[in-house]
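I opened this notebook to record what I looked up about cavities and helix packing. The entries follow in the order in which I made them.

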Amino acid sequence: MYRGFNVKNIEIEDEKYYNKGYEKMVENKNAISDKLHNFIPNNGKIDGTNIQNSWFPTIDADVFISHAHSDENIALTLAGWLWCRFRLTSFVDSCVWGYSNDLQKIIDEQFCKKGYNSNSYESRNFSTSHVHMMLASALTIMIDSAECLFFLNTPSSLSVSDIEDKTCSPWIYHELTISKYIRKRFPTRHKRKSLLAYRSIPKEARLKMEYYIDLSNLVTISESDLVVWGNHCKSTKLNALDDLYKRHPINPIKKRSAPKVCRYPCS
């Protein structure tokens, strides 16, 4: 990952862009939808690496879109707009959330049943830890491989009741934390230039936890900034991202003031 953006005040609604974003998401889902049952053998041993490689294929994405589950339509519309305007491929993280639940159900049905209509608590905890670890690993790999990250900062993704930013989504917490500490990789085209020039749970049963979120590594932009970028940028594909980087440089680091020096000797 090279750059990250904190996208605020975004409420884009365009059926054409949504349909294109949905179409691209379906393409990704169709590639893996029929494979889940093939990885569950009868001997109780599951090849977790094989599942992750096939179930979470490393899609060649330019932009990773992190968002709340209820903002999926906005994320897909943004993905469609990025494709139609710049031919940029987006990875919408909710594409894999659904498969996390699907895989969990398949494993639970075969390995976690305690009775006719219940699961073993210990077995369920063990299987869930594996599924969530595979999902977290897959999301980390995708963030690392994508060139930039767009975080959709909406009331659904962050709490607005406190001075400090918080989220109730463990996946948003994971993605934004990873985006801060993951290796920063300059795009190869920049290197060349430098060489030449220089799932839903019922509300009554929902467990609610909050995580403090640090957005200082993301550059804040709004929907109007995206519109200006789309209307004035003459480039397509990756050069369009370069234009976005120039329009919104990385937040400058505030210089610490030098310590005051006493002009008079201390007695």
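**Largest cavity**

The elements giving two or more residues to the lining are α1 (15–30), α3 (72–86) and β3 (90–92), and α1 gives the most, with 4 residues; helices (H or I, at least four residues) and strands (E, at least two) are DSSP runs numbered from the N terminus. By class I noted 6 nonpolar, 4 polar and 1 charged residues in the lining, with Ala, Val, Leu, Ile, Met, Phe, Trp, Tyr, Cys and Pro counted as nonpolar, Asp, Glu, Lys and Arg as charged, and the others, Gly among them, as polar.

**Basis of the entries**

The model is predicted, local features need pLDDT of at least 70, side-chain atom pairs count only at pLDDT 80 or more, and totals for chains, interfaces and linings use all residues. Residues are numbered from 1 along each chain as its sequence is written, and side-chain values use heavy atoms, with hydrogens and water left out.

**α5 and α6**

I then turned to helix α5 (residues 121–145) and helix α6 (residues 170–181), which pack at an angle of about 40 degrees with their axes 10 Å apart, the axes being lines fitted to C-alpha atoms over the stretch in contact and the angles running from 0 to 180 degrees between N-to-C directions. That angle makes α5 oblique to α6, since angles under 35 degrees count as roughly parallel, over 145 as roughly antiparallel, 65 to 115 as roughly perpendicular and the rest as oblique. The contact (heavy atoms within 4.5 Å) involves H132, L135, A136, L139, T140 and I143 of α5 and W171, H174, E175 and I178 of α6.

**α8, α9 and D243**

I noted that the axes of helix α8 (residues 223–232) and α9 come within 11 Å and cross at roughly 130 degrees, so α8 and α9 are oblique to each other. D243 lies in helix α9 (residues 238–247), and beyond its neighbours within four places in sequence it touches W229 and C233.
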